Amino acid sequence: MFNGVCVACSYVDETEWQQAKQTEKHDLKRLQSEKKLSLIIDLDNTLMHAISVYDVAEWINKQKRSKANKSRVKDLFTSTNNLSFKLRPGLYRFLTHISTMYELHVYTMSNKAYAKTFLDKIDPHRNLFKGKIFTRDGNGCILKKKLSRLYPTNHTQVLVLDDSANVWDDSPNLIQIRPYNYFKNVKQVNPLSYAKPIKNQFFSFVNNYTSSNYNSSFHLESSDFKLDSGDSDFLVPAIPPPSPPVEDFSNHFSISSTHCTKQLDDFLDESIADIIPEEKESDDSLEHVGKILKDIHFIYFSQLKHSKEPDVVDILHSLCTEKRSTTLRRKRSTSSSEPDFVQTKKCNSICRSNSSTTLTIP
């Protein structure tokens, strides 16, 4: 059960549901007092790109040790499961700046161990991601995400950052960022579906957002994450690395047999160039998204000062349609206070024993 809803069969426990709504009310009130909004962030192809190819992980580790080509692998790191991660350009400045205005949550379709591996590397002490960590283990569905899993009824202070509009059914709270794909000629680690991806109506505007008329220039940091073994965390001295996850990742990831030769000596730079590009990246999507997030934050709390009832969706729509003088009212369902699940009369005992809840990673 999560927020009074069984993640497997959608049974609604009325008592727990009411408690969840009270908790939500308290959380949103707390955020207002802290002058923060809530931002739910996806991981894969939003903040980073990951692959599971043994030779690539070995090559990255070798370059980290050699120092000769260290700059080429500065934003790459590997896990004990031979996963290779590449951080999206500008991720450090984006997270450090946005975390001062938004409480950051993670909502990913990957499993717990995968999410923990990534977060333990970039934010081991949870100085950035102080909210909930929600994975597919507690989602109840491997193809769709729902805001009500984290916020049952009130979405006026909640935004979503994801590269996929499909999984959110093009939610009005979604800011759809351009998918980030760094590694070439390899299979996706966490493919959601083979359905044709859809684009949010404001996709182009958001990913090219440059006008910032609300004193909201996006602050650029010269620092970056320190991902090499032995380096300290960027905010707090690093703690000893966590124990490797018990879960076997081999059951979850597709490995490209084309490149998985496990012959490192024969895996030369000419071959790695087919997977890891040598040219400088030009991806600046996080900078554009950062600007619009800051503008939304500024407008929201400006309206709140004037005793209005602001809604982040109205603000997002007004910015994207350049009708800043008029607040666009979102059409809300008359049943918006009810859970968006088909209620069943009785929760299956198997569901109750097997369903997972949100993983809050310490």
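## Aromatic pairs

The structure holds nine aromatic pairs, where rings of Phe, Tyr and Trp (its six-membered ring) pair if their centres lie within 6.5 Å, and where planes under 30 degrees apart count as stacked, over 60 as edge-to-face and the rest as tilted. The rings of Y107 and W168 have centres 5.3 Å apart and planes at 85 degrees, so this pair is edge-to-face. Because Y107 lies in strand β5 (residues 102-107) and W168 in the loop between β7 (158-162) and β8 (174-176), the pair ties together parts that are 61 residues apart in sequence. Helices (H or I, at least four residues) and strands (E, at least two) are DSSP runs, numbered from the N terminus. Y107 is buried, with a relative accessible area of 0%, and W168 also counts as buried, at 5%; buried means under 20% relative accessible area, exposed over 50%, and partly exposed in between (1.4 Å probe, protein chains only).

Y182 and F183 form an edge-to-face pair too, with 5.2 Å from centre to centre and 80 degrees between the planes, and both residues are buried. K86 lies over the face of Y182, at 4.9 Å from the ring centre; a charge sits over a ring if NZ of Lys or CZ of Arg is within 6 Å of the ring centre and within 35 degrees of the ring normal.

## Basis of the model

This is a predicted model, in which local features need pLDDT of at least 70 and side-chain atom pairs count only at pLDDT 80 or more, while totals for chains, interfaces and linings use all residues. Residues are numbered from 1 along each chain as its sequence is written, and side-chain values use heavy atoms, with hydrogens and water left out.

## Nonpolar cores

A nonpolar core is a set of buried Ala, Val, Leu, Ile, Met, Phe, Trp, Tyr and Cys residues joined through side-chain atoms within 4.5 Å. The largest one has 62 residues, of which Y102, F118, F129, I175, I276 and I296 touch the most other members. Helix α7 (residues 285-305) gives the largest share of this core, eight residues. Apart from it lies another core, of 14 residues, among them L147, V160, W168 and L174.

## The open sheet

Five strands form an open sheet in the order β6-β5-β1-β7-β8, with parallel pairing; two strands pair if DSSP finds at least two bridges between them. Strand β1 (residues 37-41) pairs with β5 over five bridges, and I40 stands opposite H105 in β5.
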